Amino acid sequence: MKLSLPSLSIAAGLLLASSTFLQQASALSLTIRNDVPGNSSSPILYGLMYEDINRCGDSALYGQMLRNWNFQANDSGGDPELEFWNVIEEGSSLASITLDDEVGLNNANTNSLRLDVKSLDSGRAGFLNKGWWGLRVQPDESYKATFFAKSDGFSGPLNVTLEKAGGGVLASTQVDGLTSDFQKFEVSLKPEDVDEASIDNVFAISVDSEDAVGNSIWFQVFSLFGETYKDRENGLRKDIAETLAALEPKFFRFPGGNNLEGQTIDTRWKWNETIGPLEERKGRMGDWTYWNTNGQGLLDYMYMTEDMGMEPIVDVYAGYSLQGDSVPEDQLGPFVQEAMDELEYLLGDTSTPFGKLRAEHGREEPFKFDMIEIGNEDWFSTTYDYRYKAYYDAITEKYPDKTIISTAAQESRPWDLIDDHYYVTTDEMVNNFDYYDNYARSGNGSGIFVGEFATNTEGCCGNSPANLEAALADGVFITGLERNSDFVKMIAYAPAMKRLDQEQWDPDMIHFDTKSVVVAPFYHVFQMYSTHHSDTILQVDADEGGFDPLYWVSGSNKEKNEIYVKVINLDSEPQPVNFNLKGVKVINYGNATFISGQPADENTLDSPSTIAPKKNTFHIRHQNQFGYTFEPYSATVLTMKIDN
Ligand code: AHR
């Protein structure tokens with residue numbers, strides 16, 4: 001990529017605006033060939049890869065607002081603690097909170113938070129949770145809280161409140177009727193007079209009745225949710241989910257990535273511990289250095305695919321974990337069965353044991369999906385041949401029509417798609433533009449899934465800015481992928497998201513904190529490309545030059561009756577192009593959507609729109625001829641309506 005400082009001046013900007021109307025004498029000339037057959041393009045080209053990394057699951061996309069909500073382990077996977085909970089002793093009250101490992105709710109939650117009220121002449125006693133780096137309360141939002149509680153000598157009431165951290169109740173309600181058996185309580189909290197979103201808030205449960213003195217009250221499995229995406233129970237934080245949905249993603253690969261695999265075989269993602277009511281789920285030590293609660297589990301992921309209209313790619317654990325252990329061939333049986341049970345849970349009808357279990361969990365109708373991936377990045381292991389074979393044979397015997405995705409080339413069995421990953425520098429990513437142009441389209445595999453990619457300007461892995469330079473290099477790469485989208489069936493950027501100040505892997509496409517979401521420049525490129533879907537890729541002939549500094553792909557969408565030209569300009573100078581359309585006439589103007597700026601530009605919470613899409617309209621003189629000048633350092637989609 002050329003990174004010379006741009007010399008664009010205001011005068012050049014004016015020239016740029018006017019030149020979009022003119023044919024450029026010495027410009028590159030591109031002829032878009034609707035007169036010859038094009039290649040069909042994958043209808044599900046743009047999608048998402050998802051795993052809990054950078055704190056983007058618990059604390060973020062998963063809408064649970066309370067932290068350490070079931071005391072199964074501390075944040076680092078060590079012994080349970082009451083971290084993130086604090087005692088409330090107000091007025092003359094004396095109280096304590098303790099993690100009681102002798103009183104549990106069930107086999108998944110074998111301890112509880114015990115509140116002991118020692119004295120209470122005035123004020124209140126209780127405890128609070130500060131949320132995940134704060135707890136967001138927004139105007140006009142309602143909150144639903146649930147928890148289990150019991151007491152031998154105190155029947156209530158319990159005050160359930162949302163409060164300012166520094167004091168002041170925002171919303172309050174009460175529950176009553178505690179007994180010596182755990183019961184689930186569910187309340188709704190609607191703060192009044194909230195003018196703006198804030199995060200310096202807490203969730204609290206307290207008592208103010210003298211009847212509580214001398215008594216213990218036990219609590220387990222709390223939840224607090226604001227409005228969720230599509231109002232799902234146990235659902236997604238709405239603003240983050242809407243940001244994902246606005247990409248119009250067509251597929252969703254989950255639950256990893258590395259986070260599927262476990263550091264060890266025993267700490268792999270176990271689907272059956274992520275299902276059922278929240279109180280039955282077991283967390284695990286995630287692969288990204290923090291505890292995963294599994295509050296967002298298998299069924300929740302599937303509902304998310306339905307709510308966003310995405311094809312699931314169910315990635316099954318395949319007997320290899322990150323520290324290098326492989327399940328030996330003669331011991332693979334139970335692991336393959338684990339995957340088969342998972343698939344039955346999703347695909348089986350209610351006459352099957354796991355289909356029945358799914359129905360008990362609230363979903364009677366089996367899911368419909370086509371794609372199953374076996375493992376993740378198995379090029380790291382030497383054992384994929386026998387592992388892939390074992391999973392492939394079992395899955396295809398029972399589900400012969402599924403699309404099977406292999407994560408590495410191996411010789412034991414065929415695959416339908418192979419999952420290629422790219423975390424490379426700017427120049428390497430740009431050089432990959434034509435990687436698939438000459439790729440053998442036959443052989444063992446029949447297609448490509450670029451399951452993870454991102455330009456790491458500082459080199460792989462995980463410590464590079466999400467700036468315009470990276471976005472444009474990624475843009476060049478996906479332009480090349482779209483040119484080959486008869487064969488490259490799906491592409492996903494990774495990692496998709498990060499919590500600001502908690503990142504483990506940069507760059508990411510969507511950034512957020514407890515209050516807000518901001519998107520990186522590449523988000524806009526991805527969205528521009530994804531939302532202008534071509535069903536057919538058109539041949540483009542170039543005169544007076546070739547690729548570099550411009551990279552392009554053109555396509556048509558029959559349903560919308562539109563022609564698209566997607567162009568990345570890596571140069572610091574504006575680039576004029578003369579376009580000719582063959583075999584199609586378009587109406588006399590087109591629409592351009594583009595981003596542009598300086599290579600180092602990033603979007604931040606303080607400046608979320610440094611790089612944001614701009615729009616303009618361009619004139620088409622002869623229904624099939626026009627000039628357009630691409631801004632320096634830009635990604636552009638031109639849209640033209642076909643004139644029938
Ligand atoms: O996207 C981050 C990680 O990169 C993924 O978990 C893994 O598959 C890859 O190595």
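Biologist: Over the ring of which residue does the charged end of Lys-150 sit?

Modeller: In this predicted model, the charged end of Lys-150 lies over the ring of Phe-182, at 5.5 Å from the ring centre. Another such case involves Arg-67, whose charged end sits over the ring of Trp-133, 4.4 Å from its centre.

Biologist: Where in the chain are Trp-288 and Trp-505?

Modeller: Trp-288 belongs to the loop between strand 15 (284–285) and strand 16 (291–292), and Trp-505 to the loop between strand 23 (497–499) and strand 24 (510–512). The pair thus links distant parts of the chain, 217 residues apart.

Biologist: Are Trp-288 and Trp-505 buried or exposed?

Modeller: Both Trp-288 and Trp-505 are buried. Elsewhere, ring pairs connect a cluster whose members include Tyr-46, Tyr-422, Phe-453 and Phe-526.

Biologist: At what angle do helix 6 and helix 7 pack?

Modeller: Packed helices are described by the angle between their axes and the distance between those axes. Helix 6 (residues 333–347) and helix 7 (residues 353–360) pack at about 55°, with axes 7 Å apart. The two helices are therefore oblique to each other, and their crossing is right-handed.

Biologist: Which residues of helix 6 and helix 7 meet?

Modeller: Among them are Asp-341, Tyr-345 and Leu-347 in helix 6, and Pro-353, Phe-354 and Arg-358 in helix 7.

Notes. Residues are numbered from 1 along each chain as its sequence is written. This is a predicted model: local features need pLDDT of at least 70, side-chain atom pairs count only at pLDDT 80 or more; totals for chains, interfaces and linings use all residues. Side-chain values use heavy atoms; hydrogens and water are left out. Helices (H or I, at least four residues) and strands (E, at least two) are DSSP runs, numbered from the N terminus. Buried means under 20% relative accessible area, exposed over 50%, partly exposed in between (1.4 Å probe, protein chains only). Rings of Phe, Tyr and Trp (its six-membered ring) pair if their centres lie within 6.5 Å; planes under 30 degrees apart count as stacked, over 60 as edge-to-face and the rest as tilted. A charge sits over a ring if NZ of Lys or CZ of Arg is within 6 Å of the ring centre and within 35 degrees of the ring normal. Axes are lines fitted to C-alpha atoms, for helices over the stretch in contact, and angles run from 0 to 180 degrees between N-to-C directions. Angles under 35 degrees count as roughly parallel, over 145 as roughly antiparallel, 65 to 115 as roughly perpendicular and the rest as oblique. A crossing is left-handed if the near helix is turned anticlockwise from the far one by less than a right angle, and right-handed if clockwise. Contact means heavy atoms within 4.5 Å.
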